Amino acid sequence: MARLALVVAVDAQNGIGVDNQLPWHLPEDLAHFKRVTLGKPIIMGRKTFDSIGRPLPKRRNIVITRNSAWRHEGVETAPSLEAAVALLGGEPASIIGGAQVFREAMDVADEMIVTHIAHSFRCDTFFPAIDPAAWVETARETHHSDAGGYDYAFVTYARREGP
């Protein structure tokens, strides 16, 4: 099976979006996202793709949609997360949202790369709670955004092994 990493930014309340957009502007996180995902397949739901508006360059873009007629140039489609993972042929990939895809992927992902933003924003979409019985923090880099005026951290979590 392919090695899967969830890549997400969350606010202090685990918020990830509002009105199908990011509720914050954090250029440092966008650069981090690009570094982490460049050259790898990315899997996302159709609403996440719509919010981005185009395939992300230098990455294989796979969009999960139940609409079998939906097409976009430069994008592969799959009807489910399981089907999207099957398209990978064992190649490692990043899962980049949205909330429903993250909920499903929490059970099969090997790693999570989470930007924790130490600020609360108005959000209508949330990332699932990270269960400490299932996940262990393996790395943390803390930073401060001069533009936003808040602290944030790039945190890597690995799935805990067995019972």
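**Strands, a helix and salt bridges**

Author: Strands β3 (residues 42-45) and β4 (residues 61-64) run parallel and are joined by 4 bridges. This is a predicted model, in which local features need pLDDT of at least 70 and side-chain atom pairs count only at pLDDT 80 or more, while totals for chains, interfaces and linings use all residues. Residues are numbered from 1 along each chain as its sequence is written, and side-chain values use heavy atoms, leaving out hydrogens and water.

Reader: What makes β3 and β4 a pair?

Author: Two strands pair if DSSP finds at least two bridges between them. β3 and β4 have 4 bridges, so they count as paired. The strands themselves (E, at least two residues) and the helices (H or I, at least four) are DSSP runs, numbered from the N terminus.

Reader: Which strands form the open sheet, and in what order?

Author: There are 8 strands, in the order β5-β4-β3-β6-β1-β7-β10-β9, and their pairing is mixed.

Reader: Why do β5 and β9 count as edges?

Author: β5 (75-78) and β9 (135-145) each have a single partner strand, so one side of each is left without a neighbour in the sheet.

Reader: What makes helix α1 a neighbour of β3?

Author: Contact means heavy atoms within 4.5 Å. Helix α1 (residues 27-37) packs on the sheet and touches several strands, including β3 and β10 (150-159).

Reader: Why is the R3 and D110 pair called a salt bridge?

Author: The term asks for a side-chain nitrogen of Lys or Arg within 4 Å of a carboxyl oxygen of Asp or Glu. In R3 and D110 the closest N and O atoms are 4.0 Å apart, so the pair meets that limit. R3 sits in the segment before β1 and D110 in the loop between α4 and β7, 107 residues apart.

Reader: What makes D19 and R122 a salt bridge, and how accessible are D19 and R122?

Author: Their closest N and O atoms are 3.5 Å apart. D19 lies in the loop between β2 and α1 and R122 in the loop between β7 and β8, so the pair ties together parts 103 residues apart in sequence. At 53% relative accessibility, D19 counts as exposed, and so does R122 at 61%.

Definitions and conventions. Axes are lines fitted to C-alpha atoms, for helices over the stretch in contact, and angles run from 0 to 180 degrees between N-to-C directions. Buried means under 20% relative accessible area, exposed over 50%, partly exposed in between (1.4 Å probe, protein chains only).
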